[in-house]
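Have the sequence at hand as you read.

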Amino acid sequence: MSLKRRATFIALITLLFGTRVGAEEINIYFKTSPGTEQLRAGAEAASLALLVTAADGRPVQQGWVMIGLDAPPPGHFFSTDFPIVEGSRLAELRLPLRRGKAEWRYLFPIRGEYRMSVDYITTEGKQARKIFKFSIREDRVKWIVLGSFMIGLFILGFIAGRIFSVSRPKRERSAACLVLWMGCFLAFTASAAEQKIGQGKHVGRLEIAPARVGQPTRVRWRLLADKSAEKPTVVFTLVITHLEKDKPVFAVEKISVPDEFSMNFHFTDGAEYKVSAIADIAGRESLRTEQTLSVIAVEPPTTAMLPALALFLVVIAGGVMAGRWSRVKATPLLPRSFLNH
């Protein structure tokens, strides 16, 4: 092999494997507080943290992380409370690292296995990527409510089964039929604005695109300043609150941004939310911006409701059969001689 070809071969090997070796020198760790085994869907917002370290275990001093969070895929039988959200992108945001760490809060909307991709970008342009998968369980209260509801349907079917027995008058059977249909009905039914706030040479602007369930919404905050004013370093806080539940669903607190912060955020239900932005600038009063928005709701697909409805009908039918069987067992057997008369 000639010297020229050897140099070309070495350069090719360096190009193919050099980036990979560099990426392996970066470690990315993910943690939730409380731990994922204790988190429940729709309960309370959890604290999420990413730690980026070098090969020696020391936190990196500078850089950014690009975060993408995907919702769990649809289940095999039962859907979640928000079937339109299943398998969708929940959030896309870019956070600066402080001593190798980035933190935010998030309320996981549904149960299942989430997928989060993290891309670390240094000031020199080097990158490292890691994907985390973790599961969130359903809230225990919902399982208790579902179990109680199914027990109620079974009892309803049991009572209707006893009334539907042959020995019952026609009037009572008609009343039971009405109650049964009411139970089935209950089982089925159970199943871009802008705002500016500021003063002096700096103005904060919050821009939110029209929000709709099923797709991420662009949320952007900008610091508007006069050309004569210097661009300051901003310590930024953003909180998104679900007004009906009075719970924060997302928050980043006191992160350093130049003059802008933007992200894509999925509002998972058709309700009202309040978005609050606070920008602290050294030597000046805080710039506070708030906006309330109504999210456009989307009807879930019919296929998502059919499995639950089928289960409720099976439970009612089982109660009816049990009621009829108990009625037959309770009827005393008459002597054969009496029947011959």
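## Confidence, spaces and one threonine

For the chain, the average pLDDT is 77, and 67% of the residues score at least 70.

This is a predicted model, so local features need pLDDT of at least 70 and side-chain atom pairs count only at pLDDT 80 or more, while totals for chains, interfaces and linings use all residues. Residues are numbered from 1 along each chain as its sequence is written, and side-chain values use heavy atoms, leaving out hydrogens and water.

Now to the spaces. On a 1 Å grid over the protein atoms alone, a cavity is a set of points where a 1.4 Å probe fits but cannot get out; a pocket is an open set with protein on both sides within 12 Å along at least five of seven lines; lining residues have an atom within 4 Å of a point. Grid points are joined across faces, edges and corners, and a volume is the space filled by probe spheres set on the points.

| Space | Volume | Lining by class |
|---|---|---|
| Second largest pocket | about 510 Å³ | nine nonpolar, six polar, six charged |
| Largest cavity | about 40 Å³ | eight nonpolar, no polar, no charged |
| Second largest cavity | about 30 Å³ | four nonpolar, no polar, two charged |

In these classes, Ala, Val, Leu, Ile, Met, Phe, Trp, Tyr, Cys and Pro are nonpolar, Asp, Glu, Lys and Arg are charged, and the others, Gly among them, are polar.

The second largest pocket has a volume of about 510 Å³. Its lining holds 21 residues, with Pro96, Arg98, Lys101, Lys254 and Ile255 closest to the centre. Strands (DSSP runs of E, at least two residues, numbered from the N terminus) β2 (46-53), β4 (89-96), β5 (101-106) and β12 (247-257) each supply at least two lining residues.

Around the largest cavity sit Ile67, Leu69, Ala91, Leu93, Trp104, Tyr106, Met116 and Phe250; β3 (64-70), β4 and β5 each give at least two of its lining residues. Leu39, Arg40, Glu44, Ala46, Leu107 and Phe108 line the second largest cavity.

Beyond its neighbours within four places in sequence, Thr241 contacts Asp246, Lys247, Pro248, Glu272, Tyr273 and Lys274.

Key:
Helices (H or I, at least four residues) and strands (E, at least two) are DSSP runs, numbered from the N terminus. Contact means heavy atoms within 4.5 Å. pLDDT is the predictor's confidence in each residue, from 0 to 100.
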